[in-house]
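Hi,

Here is the structure I said I'd pass on.

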2 protein chains.
Amino acid sequence: MPSSPIRKLVPYAEMAKKKGIQVYHLNIGQPDIETPKMVLDAVRNSNFTVLEYSHSAGNESYRKKLVEYYQSVGIQVSYDQIIITTGGSEAIQFGFLACLDEGDEVIIPEPFYANYNGFAVAAGVKVVPITSHINNGFALPPFSEFEKVITPKTKAIVLCNPNNPTGYSYTRAEMEILRDLVKKHQLFLFSDEAYREFTYGENQVSAMNMEGIEENIILMDTISKRYSACGGRIGALITKNKMVYDAAMKFAQARLSPPGFAQIAGEAAVDLPKDYFTDTKAEYQKRRDLIVKRLNAMPGVFCPNPGGAFYAMAQLPIDDSDVFCQWLLESFEFNNSTVMLAPATGFYGTPGLGKQEVRLAYVLNTQAIENAMDCLETALKVYPGRTL
Amino acid sequence: MPSSPIRKLVPYAEMAKKKGIQVYHLNIGQPDIETPKMVLDAVRNSNFTVLEYSHSAGNESYRKKLVEYYQSVGIQVSYDQIIITTGGSEAIQFGFLACLDEGDEVIIPEPFYANYNGFAVAAGVKVVPITSHINNGFALPPFSEFEKVITPKTKAIVLCNPNNPTGYSYTRAEMEILRDLVKKHQLFLFSDEAYREFTYGENQVSAMNMEGIEENIILMDTISKRYSACGGRIGALITKNKMVYDAAMKFAQARLSPPGFAQIAGEAAVDLPKDYFTDTKAEYQKRRDLIVKRLNAMPGVFCPNPGGAFYAMAQLPIDDSDVFCQWLLESFEFNNSTVMLAPATGFYGTPGLGKQEVRLAYVLNTQAIENAMDCLETALKVYPGRTL
């Protein structure tokens, strides 16, 4: 089991804080956006007397409410195609365990969300990365690149859309490439749509709406980012494939039920007014515009403009992103503050890639982002491993 | 992945309810005892504004509070030996994944909590059952029985104490047998102590206090039963073995964090007055005394007196417990009600065992237990597969 590449720097951040240095956390997708009061109040005003196990698939009332939510974003599902999970993490686990056998292979465009790898290892599954590139903003690799690595052991493709860590939002044409691949080779498509609402150009194109592969899709979802409710640990696995659903339910039953309090929160969130997303998206877009502008203004730095989620990948004039990110915490400060970034090496499956790249989560307000960028700009001038 | 033996009858119970039949749920460890108001109020009165990820090991304040709790039950641990998990279920998973490799074997006295098997399958681990018997109340099988099945692949013993499903509370002498086995063969001992407080004779003897095997113990715990907070999904993995702790932390980091709201509940629960357990235990003991008396008064039924937890195993004069339990839901009613039991077959690893046994969870009030026993008594008289 590999260590979490994002969390392994935590002890260095803790040490910096103990020295009195303020650390701007751009390393992790933990937004500073307040959880909507209505969502928290639903839990605070609840009046049950026994905190009981829920149904293993989650409360029926919540699953029925989610049908409304999905309808509102153009996805038609029924409540018995939904399993409420403990965060998106468990949806990924259940998906892998239900669809894949020991020794199977899954193709994932890299850089990718590092924990896919962890859950694959836990399921005995091999991740086969195919590389997307910063030059074209991490667009989907072409059909032929996928076919080069498809073997009889290939069982699935994993896609995160909009993407973590790249922020890339896949176009309809790209989704059709995936559909054709899935159809031709009879694969599963695991579609992680945690950031569905956060796109800054075209709306997200859900895998659930790709015709002809309805039985091949496993949607992995979460309320964490959508409602700034990461700590609730509520997600969902959704599939129209009855066999996959039934297999996933066995794993759901083994762990008894998803968390109780946060299911109440998730159910309440479906009734949030539409302008919640308008406002939240506007805030993220402002932050994206700022961070991308600041990054590209730094000598030797390149940051493609991400179309979605709240992440940006930047190429830096540095020798080694792991060393640099640790150095930022251990040996650097500017105005008694520093910035914590995620080295991109942890997001690549191919060894050696990502050494000049970092991921920045624009989850802090614009003033904090300005300050963090001041730190980074100064740091790049004095970092001993600078390459330009 | 096997289906949950307890949950597979759920559709039949749902059908019975649709016909207007009241179902007494003695099939699952979901107590009717109210979650202490103070515990629920801690969540309801919380005033944070962002539902953030917690530390992957759980909130530091909660872990520090748990040190006090463990001290109060005679167990000395430090907060950095504790990982807060998503229910006891995740503690079992992390324990298996951190300590065992694909193909390893774990010995579990049967009948055992069925989900151990599910989590073992998910970890690629083989469960080797050794049989305990209803005649002596499911006491620990002797040292020699363990040694018969120990192979070079044997890596651990799993013990649930007090036991689910048997209610057996292991004596100090039995715990010393386990200690000697663990020491001699250098095994891990996974100790599931979910029902620690609920013993009706001698106090529970924790594996954490067995001298000379401190590094071999992985304690798997949960607040579910202790505070009637099953739906919170909060447990803990505790170990003094640093390597195991670090390995388990990798899995903890991959799933980011345990549920947020219920950690607040768990932390508050440590401050419950001592008489909470005195009162709760007295209630369970009353129920146990009643159910055991009623069962043993039925012709052809034998139920040993369980020393702990809130389960009783009974031998019934029936052909097949799976058929019988389904028949109770599908084809029987008495005073427009019926009883749901757990067939014991699901708790045995050895095929064919448990066909005359059922597990009864005495999680309902005494009046409901009386009614449920009236149902069972009547049912046994008319069941077509009766053997006596």
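How many residues of domain 1 of chain A are in contact with domain 2 of chain A? The count is 31 residues of domain 1, which meet 29 residues of domain 2, with contact taken as C-beta atoms, placed from the backbone, within 7 Å.

Before the rest: this is a predicted model, where local features need pLDDT of at least 70, side-chain atom pairs count only at pLDDT 80 or more, and totals for chains, interfaces and linings use all residues. Residues are numbered from 1 along each chain as its sequence is written, and chains are lettered from A and ligands numbered from 1 in the order in which they are written.

Domain 1 of chain A is 7–34 + 275–382 and domain 2 is 37–269 (bounds from an automatic or database domain assignment). Their centres, over C-alpha atoms, are 26 Å apart. On the side of domain 1 that touches domain 2, H10(A) gives the largest share, five residues (helices, H or I, of at least four residues and strands, E, of at least two are DSSP runs, numbered from the N terminus).

Now helix H12 of chain A, residues 366–382. Its buried residues are A:Ile369, A:Ala372, A:Met373, A:Cys375, A:Leu376 and A:Ala379 (buried: 20 or more other C-beta atoms within 10 Å of its own; exposed: 12 or fewer; partly exposed in between; C-beta atoms placed from the backbone). They cover an arc of only 160° around the axis, so they sit on the same side of H12(A) (the arc is that of the directions from helix axis to C-beta atoms). A:Gln367, A:Lys381 and A:Val382 are exposed on the other side. The buried residues of H12(A) pack against strand S1 (22–25), H10, helix H11 (321–330) and strand S10 (337–340) of chain A.

Cheers

How values were computed. Contact = placed C-beta atoms within 7 Å. Expected span 1.5 Å × (residues − 1).
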